[in-house]
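Okay, thanks for coming, everyone.

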Amino acid sequence: MSNHSQDQDDKASKKDDGQGVEVVVLGDAESIKFVDNSQVENRRQIGLFSAIFIIFNRIIGTGVFATPSSILFFSGSVGLSLFMWVIGAIIAAAGMQVYIVWGTAVPKNGGEKNYLEYLFRKPRFLITSVFAANGVLLAWAAGNSLVFGEYILRAADVEPSRWTLRGVGFACITFAWILHGTALKWGLRLQNFLGVIKIIVLVFIVITGFVALGGHMKIEKPNNFSNAFEGTTASASSFCLSLYSVIWSFIGFSNVNYALAEVKDPARTVRIAGPVAIAVVTVLYLLANIAYFAGARKEDITSSGRLVAALLFRNVYGERAERALSALVSLSALGNVLSVIFAQGRVNQELGREGILPFSKFWGSNRPFNAPLVGLGLHWLVCLIVIFALPPGDAYNFVINVISYPLSIINAAISFGIIYLHVYPYKDWPRVGIFGLVAAGFFGAFNVFLFIVPLTKPPVGGEPYNDLPYWTHAVAGWAVFGLGFLYWVVWAQILPRVLGYSLRRVEEVGKDGLIRNVFKRVPHEKSS
């Protein structure tokens with residue numbers, strides 16, 4: 001193709017497709033609009049209060065119920081374990097500041113995908129492919145499906161065997177898929193109801209902690225707060241694994257960034273909603289962990305696996321209360337599975353609608369129930385692979401680590417990207433204050449630590465898995481990015497040359513007024 005033709009391709013051109021859809025051909029990243037100017041009446045309906053709860057409800061999942069035992073195991077002491085939650089809150093606050101900067105600069109729906117596309121503009125479409133692989137191939141809902149299985153079996157007083165646990169996890173993720181894919185309104189109603197249950201359970205755990213501190217227990221008072229730092233681990237690998245579990249429990253502080261185009265006064269709202277939500281969650285998390293240490297011995301907590309909340313209730317109220325709480329925590333896990341698969345299904349659907357995935361119309365469909373049944377089904381399939389392929393004892397920790405690892409790389413990239421853009425700004429990049437730059441440097445440095453240390457061998461007794469090698473999640477994380485790169489080579493390089501077309505990003509304004517960036521195949525004779 002001649003340079004003149006290439007120049008013509010790289011200029012944006014407008015046309016109407018005859019079906020009420022305005023199409024703007026975008027030749028390169030410079031032409032992409034990183035602001036959503038869709039003219040849709042009453043689209044911005046998310047106010048400050050709703051934004052706070054969007055973040056709040058996404059952060060509080062099963063992490064605070066299921067991860068304290070592993071955090072204590074890797075920390076080695078009660079004191080460091082509590083301190084890890086404080087560190088996690090500081091990291092989350094710094095991360096929130098990073099997302100505030102990006103949300104202000106790129107106020108449109110989509111989160112990290114938009115920020116990475118803004119930052120890494122060449123090679124064209126590479127970062128889109130890599131992020132798509134990360135979004136599609138990671139089994140976000142698998143871990144909490146297994147937590148649901150553990151707690152519901154405990155509530156039923158059934159010992160969770162390998163295949164029983166897998167079977168209940170399968171039933172959980174399948175129920176979530178079918179409900180959200182066939183009866184969207186009822187799925188949202190159940191999701192919101194379970195969100196209320198989740199908050200009630202957490203508050204009840206905090207109250208139980210005060211009861212335990214008062215000495216009203218079925219066992220001898222454990223006194224975990226005397227010599228609180230006894231047994232502290234000095235291993236960087238163990239410290240990193242503890243942070244993974246803590247950060248997993250804080251994942252969701254960026255949730256409102258995925259819907260900024262629907263937020264009223266997004267710059268002001270995100271600056272207030274994020275810090276408020278993180279502050280409330282941090283207080284509840286610390287009080288919940290104090291409750292666990294007030295009501296159970298250190299050795300019992302580390303051996304309880306993901307059932308530490310049930311252990312607390314058994315020690316304070318007895319076995320019946322333990323089973324009742326287990327049922328409530330299982331409902332909290334179900335609510336998180338519903339929330340996660342709801343979001344991931346739409347990620348898959350949008351990747352299909354943008355033409356990034358193969359058979360894009362199939363994945364982007366809303367048929368037959370006016371819900372993303374197929375997009376949800378793709379995430380369901382990925383989760384099933386993890387649930388049935390991995391040993392149940394390792395599956396939950398693997399899901400936490402394999403999701404946290406690539407996220408650390410992405411967070412490091414967009415954090416240092418803020419500093420880079422401060423020095424070499426694009427013409428539409430806003431000025432960032434010193435606080436934002438410091439937060440970006442701090443958050444970026446911690447995330448570099450989180451994706452380098454897992455490549456080093458942990459000390460004896462500090463292995464993250466029972467049956468898997470310690471490096472499994474790191475290799476899997478890089479493999480996901482590698483698959484995204486290979487997909488880009490085939491999708492954006494080989495196929496266009498072999499089949500004689502150019503891959504172009506097209507901006508479409510539909511009848512609904514929404515603007516979408518869609519990938520189209522343009523035959524060479526038309527693109528010249």
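So α9 and α17 run roughly antiparallel to each other, and roughly antiparallel here means an angle over 145 degrees. Helix α9 is residues 162-182 and helix α17 is residues 373-389; their axes come within 9 Å and cross at roughly 175 degrees. Helices here are DSSP runs of H or I, at least four residues, numbered from the N terminus. The axes are lines fitted to C-alpha atoms over the stretch in contact, with angles from 0 to 180 degrees between N-to-C directions.

Quick caveats: this is a predicted model, local features need pLDDT of at least 70, side-chain atom pairs count only at pLDDT 80 or more, and totals for chains, interfaces and linings use all residues. Numbering starts from 1 along each chain as its sequence is written, and side-chain values use heavy atoms, with hydrogens and water left out.

Who's touching whom? Contact means heavy atoms within 4.5 Å. On α9 you get, among them, W163, F170 and W177, and α17 brings residues including W380 and F388. That contact splits into 11 nonpolar, six polar and one charged. Nonpolar is Ala, Val, Leu, Ile, Met, Phe, Trp, Tyr, Cys and Pro; charged is Asp, Glu, Lys and Arg; the others, Gly among them, are polar.

Next pair: α5 (residues 78-105) and α12 (residues 266-295), at about 170 degrees with axes 10 Å apart. So α5 is roughly antiparallel to α12. Their contact has 17 nonpolar, five polar and one charged residues.

Last one: S404, in helix α18. Buried or exposed? Buried, because its relative accessibility is 4%, and the cut-off is under 20% relative accessible area, with a 1.4 Å probe and protein chains only. Beyond its neighbours within four places in sequence, S404 touches Y244 and W248.

Terms used. Helices (H or I, at least four residues) and strands (E, at least two) are DSSP runs, numbered from the N terminus. Angles under 35 degrees count as roughly parallel, over 145 as roughly antiparallel, 65 to 115 as roughly perpendicular and the rest as oblique. Buried means under 20% relative accessible area, exposed over 50%, partly exposed in between (1.4 Å probe, protein chains only).
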